[in-house]
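Please look through the structure shown below before reading on.

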Amino acid sequence: MHELSDEILWKSLKEGNLKSFSILFKKFYPSLHSYGLKISKDEILTEDALQDFFIYIYEHKENLSNLESIAPYLFASFRRFIVKKISKTKKYTILRSIDTNIVDINFTPEEFITQQESLTFRNKNLAKLINQLPKRQREVIYLKFNCNFKPAEIAETMDINYQSVINTLHKAIKNLRAEDSIVKLLNS
C-alpha cells in the first residue's frame, strides 16, 4: 500500500481504512512536525497539536474533500490548527496580532549542512541571512526549499494568492543575494 498515489491513499482514508491512515501518518508526520516546530518553537506543543490534528482528520474523514495532492492540504490545515492552538494557550503571546498569514520561521545552520565540509561556513552564513528576512519571506523559503512545494502549493498552504508567492520568493532571493554581496564585501 506504500506505493499508492496520494489520491488513492486519501480516498481509502476517507472510506475508513485504518492502514491508509497509518501510512498517511508515517509519511507526513516528520515534515509536519518540523513545520510545526518552526511555527511554535515548542516541542511538546507541536507534538500535542500534531497528534490532535491527526485525530481530528480521522474523526472527520467522511467530511474531507477529495484531493489529488495531500501535502499542501495537510500543511495548510496543520498551520491553521497549530496557530489556533498557540493562540488559545495562555503562556504564549498571540502569534498573529496583525497579519493572520504570517508565521515566524527561523532556520538553523544544520538545515543547510551537506556532506561537503567546505560548505559549513557558507551554510551558517546562509542561515543567518535567511533569518534576517521578513517572516513571510522566511516561510516561503522554508516551504519551497525544505518541503519542495511548488508555488501553487505554497499559496494554498499560506492562504495567499499564487502571484504573492512568486513575488515573495523573488524578493527573498533578491534580498539574500544583496545581503550575500554585502557580506562578501565586508570580508574582503
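Is Phe81 buried, partly exposed or exposed? With a relative accessibility of 24%, Phe81 counts as partly exposed, where buried means under 20% relative accessible area, exposed means over 50%, and partly exposed lies in between, computed with a 1.4 Å probe on protein chains only.

## Basis of the report

This is a predicted model, in which local features need pLDDT of at least 70 and side-chain atom pairs count only at pLDDT 80 or more, while totals for chains, interfaces and linings use all residues. Residues are numbered from 1 along each chain as its sequence is written, and side-chain values use heavy atoms, with hydrogens and water left out.

## Overall make-up

The protein chain has eight helices and zero strands, helices being DSSP runs of H or I with at least four residues and strands runs of E with at least two, numbered from the N terminus. Read from the N terminus, the elements run α-α-α-α-α-α-α-α. Of the 188 residues in the protein chain, buried residues make up 40%.

Helix α7, which spans residues 151-158, is mostly covered, since six of its eight residues are buried. These are Pro151, Glu153, Ile154, Ala155, Thr157 and Met158. After α7 comes Asp159, whose phi is positive, near 60°.

Ile39 has its place in helix α2, residues 18-40, and is buried, with a relative accessible area of 2%. Although Ile39 and Asn106 are 67 residues apart in sequence, their C-alpha atoms are 8.7 Å apart in space.

## Aromatic rings

A pair of aromatic rings is described by the distance of the centres and the angle of the planes. A search of the whole structure finds 13 aromatic pairs, where rings of Phe, Tyr and Trp (its six-membered ring) pair if their centres lie within 6.5 Å, and planes under 30 degrees apart count as stacked, over 60 as edge-to-face and the rest as tilted. In the pair of Tyr56 and Phe81 the centres are 6.3 Å apart and the planes stand at 50°, so this pair is tilted. The pair links distant parts of the chain, with Tyr56 in helix α3 (residues 43-59) and Phe81 in helix α4 (residues 70-88), 25 residues apart. Tyr56, at 43% relative accessibility, counts as partly exposed.

Ring pairs also join Phe21, Phe25, Tyr29, Phe53, Phe54, Tyr56, Tyr58, Phe78 and Phe81 into a cluster. Phe54, a member of this cluster, lies in helix α3 and is buried, with a relative accessible area of 1%. Between Phe54 and Tyr29 the C-alpha to C-alpha distance is 9.0 Å, while 25 residues separate them in sequence.

## The second largest pocket

The second largest pocket has a volume of about 270 Å³. Here a pocket is found on a 1 Å grid over the protein atoms alone, as an open set of points where a 1.4 Å probe fits, with protein on both sides within 12 Å along at least five of seven lines, and lining residues have an atom within 4 Å of a point. Grid points are joined across faces, edges and corners, and the volume is the space filled by probe spheres set on the points.

The lining is made up of Phe53, Tyr56, Ile57, Leu64, Tyr73, Ser77, Arg80, Phe81, Lys84, Lys85 and Lys88. Helices α3 and α4 each supply at least two of the lining residues, and α4 gives the most, with seven. By class, the lining has six nonpolar, one polar and four charged residues.

## Charged side chains

The structure holds five salt bridges, each a side-chain nitrogen of Lys or Arg within 4 Å of a carboxyl oxygen of Asp or Glu. In one of them the side chains of Lys85 and Asp52 meet at 2.8 Å, N to O. Lys85 lies in helix α4 and Asp52 in helix α3, so this pair ties together parts that are 33 residues apart in sequence. Lys85 is partly exposed at 24% relative accessible area, and Asp52 is partly exposed at 32%.

Lys11 forms a salt bridge with Glu15, the closest N and O atoms being 3.6 Å apart, and both of these residues are exposed. Glu62 and Lys61 form a salt bridge too, with their closest N and O atoms 3.5 Å apart. Glu62 counts as exposed at 52% relative accessibility, whereas Lys61 is buried at 12%. Lys61 also lies over the face of Tyr58, at 4.0 Å from the ring centre, a charge sitting over a ring if NZ of Lys or CZ of Arg is within 6 Å of the ring centre and within 35 degrees of the ring normal.

Conventions. Nonpolar A, V, L, I, M, F, W, Y, C, P; charged D, E, K, R; others polar.
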